[in-house]
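Hi,

Here is the structure I promised to send over.

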Amino acid sequence: MSSYKLTYFDFNGGRGEPVRIAFHAGGIEFEDKRVSFPEFGEMRKTLRFNSAPVLEVDGMEVTQSNAMCRYVGKLAGLYPEDSLQALYCDEVMDAIEDMLHYLVQTFGLEGDELKAAREKLADGWIKVYLIGLGELLSRGGGEYFADNRLTVADLKVFVQVRSLIAGTLEHIPADIVERLAPGLVEHNERIANDPIVQAYYASLS
């Protein structure tokens, strides 16, 4: 049996969270190594691509969160076997990564600079991606993004949309998802209430 170790930040969100949920959903044991932001700053230069999460499979390090989602998703039965549905799943995960690419560029900014950058994003790329994701949800049938069931695509969207709805991102309106893609709000509630997701968060308490 393979051994797994996931290294990511010590909070319930971000790129590593869907992988954690998938591991738990599949009943797959893994070491959940959570690091603080200062700890990450010290170890960053030792990591491939200077980024996290990092997944170790039998001691071999792997990067790129979507690759991890696909791999662990397959192990846990949360990734489509049908090629077209897998394509749909990948498209959604890649769209989230594209949106995060723009959002992460605002991290570290302060004051008026942060406000201007976030307001531009809210009326620009975030708007584009939320509307697009709403369309992809409709294509999938309105409840899930692919395969008519829970997949890692749903987990990936859930984690990021939850953050937007919670209003945790300064200068990004908390009602932006409801205004631009109300179906994503319903989707977020659906995934939050899924027994797999609830069992994961219950395991942390």
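Keep in mind that this is a predicted model. I started with helix α1 (residues 17-25) and helix α7 (residues 152-166), whose axes come within 9 Å and cross at roughly 135°. Angles over 145 degrees would count as roughly antiparallel, so this pair is oblique instead. The crossing of α1 and α7 is right-handed.

As for who touches whom, α1 brings E17, P18, I21 and A22, and α7 answers with V152, L155, K156, V159 and R162. Sorted by type, the residues of that contact are six nonpolar and three charged, with no polar ones.

Then there's α7 with another partner, helix α4 (residues 83-104). Their axes come within 8 Å and cross at roughly 30°. The cut-off for roughly parallel is under 35 degrees, so α4 runs roughly parallel to α7. The crossing of α4 and α7 is left-handed.

On the α4 side, the contact uses C89, V92, M93, I96, E97, M99 and L100. On the α7 side you'll find V152, A153, K156, V157, Q160 and L164. That contact splits into ten nonpolar residues, one polar and two charged.

Cheers

Methods
Residues are numbered from 1 along each chain as its sequence is written. This is a predicted model: local features need pLDDT of at least 70, side-chain atom pairs count only at pLDDT 80 or more; totals for chains, interfaces and linings use all residues. Side-chain values use heavy atoms; hydrogens and water are left out. Axes are lines fitted to C-alpha atoms, for helices over the stretch in contact, and angles run from 0 to 180 degrees between N-to-C directions. Helices (H or I, at least four residues) and strands (E, at least two) are DSSP runs, numbered from the N terminus. Angles under 35 degrees count as roughly parallel, over 145 as roughly antiparallel, 65 to 115 as roughly perpendicular and the rest as oblique. A crossing is left-handed if the near helix is turned anticlockwise from the far one by less than a right angle, and right-handed if clockwise. Contact means heavy atoms within 4.5 Å. Ala, Val, Leu, Ile, Met, Phe, Trp, Tyr, Cys and Pro count as nonpolar, Asp, Glu, Lys and Arg as charged, and the others, Gly among them, as polar.
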